[in-house]
Amino acid sequence: MDYHKLAELIFPQINGTISELEERYPKRNLPEGAFVTRFAPSPTGFMHIGGLYAAMISSKLARQTGGVFYLRIEDTDKKRELEGGVNEIIQSLKGYHIIFDEGPFLGGEKNYGPYKQSERKNIYQICVKELMKAGYAYPCFCTTEELNAIRQEQENKKVDIGYYGKYASCRKLTYEEIEEKVKNKIPFVVRLKSPGDYNKHVTYCDPIRGSIQMPENFMDLVLLKSDGIPTYHFAHVIDDHFMRTSLVVRGDEWMASYPIHKQMFDLCGFDAPNFLHISPIMKMEGSTKRKLSKRKDPEAAVSYYLEQGFPVESVKEYLLTIANSNYEEWHALNPNLTGEDFVLSLSKMPISGALFDMDKLMNVSREMISGFSIDFCEQQILSWAEKYEPDLYQFAIAHEKQFRETIGLWKMSGKKVRKDIAKWSELMQMFDYLYKPEEKFEQTVTYEIDEKYTKEQMKEAIEEYKKNLFLDSKQWFEEIKVLGEQMGYCPNIKDYKKHPQDFKGSISDLCTIVRVAVTGHKNSPDLYTVMKVIGEQNVQRRLDHFLKKLFSL
């Protein structure tokens, strides 16, 4: 077979060469040891938390070595592409402070583009034509029915499923047969003519898992589909070479593809980049682990964390604890530094599946929020609430001073920092009595009434308290102790514990009754400050509403 003649038959319009591409995309001038990494998603669905995890690792490795982190969009599957999908990817990652040096966005186009695979068709075809000239590619005219028949035969014989060896019928076509089919416009794909042998092995040294041996690829895989668009395997090889990627960070499900990619790099005459196969993010289901599922798990979507109001800093902090086993120890020793200062270590990455623990994320986030300033919290909450919680947003805008006071309420208890909040959506769950409009509060409030208090006891307490709310007094607790003593409540807890039979209850019981009437809850931050935020008129209204509901229960 005259392979040069065959290449001209199949690609008569392609005139470029790999040598010209090498000149067009020269090696990057970077410091020794600098990584060129990439994030290469398909705009076919929402951003998965695993994608954010991989992008964060790729970005961090490039940044800490003085390298380049770029975005490449793998958009060859136009049928599944979502409108606005590319912008959603960019904005999702930008929201997590993951910024690209290069990519298909305004100001991002540099010397190694185009950065969308759909715009690189000519580059792929140049490389396939060169492979064909070297005898490592050929056209395949097999129909779907013929491929299904081959598969059925292989299943019956219990041999490897695929297009190879004696099953690769189009390998045997003569030039004349191919020419005739092309002349008759019979559709074809272009396949790799693999020189691999299943009985031989390739060895790869993974930075996480060490040395791994796998059988050589011997399948004649499709390089170009019938529309001239490359398959993922081939596009990845060509793009990573000419974009000069030096480290590919990808999920360990792609490890089995290493022999395919290594073979394609070798046949093209390219040096393969290093591959870092990271563990997928898993979750426990009963006693077993499984991958986070787009279908089953809302937390699989990056948008979930934005909607719930997890601060970006909390999510990234948590992902770093997954990425490196020594991160938490480092952070304990460096409390004044942030995750941006941490140097990611390849040797400290998990080998088995990285277990996603929502409880741990919540704890990490509580810790992070407790360290935020009131100004920062205010800014973050307003930004989140404007999109996701209109009642909270309206309160914050209409009552700016009171809103800032409420942040201090749930952040501080005297001089002690509270750690109640893990995500902004909890504000309306835990502190609805501060932020809900009065009408909604009355419609939704459920009073946490302790059965040890009788209705008559609570009615008496609220009616007496209504006569003087003490809203203008910083001595609120002292004054309510006086009121309580007049009503038969013990003002001293120790005395009450010694002689409980002599009193209606302790002063804390009276405060609890008032607290439930005002907030609906048995526990809240400082009640005096809560009432000042709510305002005397609304406190009176709530006490009246409580009495009305009390006798309708």
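Two residues are in contact when heavy atoms of one lie within 4.5 Å of heavy atoms of the other. In this predicted model, among the contacts in the chain that join residues at least 6 apart in sequence, 73% are between residues at least 24 apart. The chain has 25 helices and 16 strands, and its radius of gyration of 33 Å is well over the 24 Å that the globule rule gives for 553 residues, so the chain is more spread out than a compact globule.

**Overall form**

- Taken along the principal axes, the box filled by the C-alpha atoms of the chain is roughly 110 × 50 × 40 Å.
- Of the 553 residues in the chain, 50% count as buried.

**The largest pocket**

- Rolling a probe the size of a water molecule over the atoms shows where empty space is left.
- The largest pocket holds about 1,200 Å³ of space, and of the 40 residues that line this pocket, A40, P41, G51, E253 and W254 are the closest to its centre.
- Two or more lining residues come from each of the elements β1 (36-39), α3 (49-64), α4 (85-95) and β8 (247-251), and α3 gives the most to this lining, with five residues.
- Sorted by class, the lining of the largest pocket consists of 17 nonpolar, 13 polar and ten charged residues.

**The second largest pocket**

- About 790 Å³ of space lies in the second largest pocket, where E317, Y327, T338, G339 and E340 are the closest to the centre out of 33 lining residues.
- The elements that give two or more residues to the lining of the second largest pocket are α3, α11 (312-323), α12 (327-333) and α13 (358-371).
- The lining of the second largest pocket divides by class into 13 nonpolar, eleven polar and nine charged residues.

**Cysteines**

- A search of the whole structure for disulfides finds zero, and for C142 the nearest cysteine sulfur, which belongs to C170, is 3.8 Å away.
- A disulfide needs a pair of cysteine sulfur atoms within 2.5 Å, and C170, whose nearest cysteine sulfur is that of C142 at 3.8 Å, is in no disulfide.
- Because a residue with under 20% relative accessible area counts as buried, C142 is buried at 16% relative accessibility, and C170 is buried at 7%.

**Two residues followed through the chain**

- F470 is found in the loop between α20 (455-466) and α21 (476-487), and with a relative accessible area of 9% this residue is buried.
- Leaving aside neighbours within four places in sequence, F470 is in contact with Y465, W476, E479, I480, L483 and Y528.
- From F470 to G51 there are 419 residues in sequence and, C-alpha to C-alpha, 55 Å in space; G51 is also one of the residues closest to the centre of the largest pocket.
- M1 lies in the segment before α1 (3-10), and at 46% relative accessibility M1 counts as partly exposed.
- When residues up to four places away in sequence are not counted, M1 touches L6, L173, T174, Y175 and I178.
- M1 and M430 are 429 residues apart along the chain, and their C-alpha atoms are separated by 76 Å.

Terms used
Residues are numbered from 1 along each chain as its sequence is written. This is a predicted model: local features need pLDDT of at least 70, side-chain atom pairs count only at pLDDT 80 or more; totals for chains, interfaces and linings use all residues. Side-chain values use heavy atoms; hydrogens and water are left out. On a 1 Å grid over the protein atoms alone, a cavity is a set of points where a 1.4 Å probe fits but cannot get out, and a pocket is an open set with protein on both sides within 12 Å along at least five of seven lines; lining residues have an atom within 4 Å of a point. Grid points are joined across faces, edges and corners, and a volume is the space filled by probe spheres set on the points. Helices (H or I, at least four residues) and strands (E, at least two) are DSSP runs, numbered from the N terminus. Ala, Val, Leu, Ile, Met, Phe, Trp, Tyr, Cys and Pro count as nonpolar, Asp, Glu, Lys and Arg as charged, and the others, Gly among them, as polar. Buried means under 20% relative accessible area, exposed over 50%, partly exposed in between (1.4 Å probe, protein chains only). The radius of gyration is taken over C-alpha atoms; the globule rule is 2.2 Å times the number of residues to the power 0.38.
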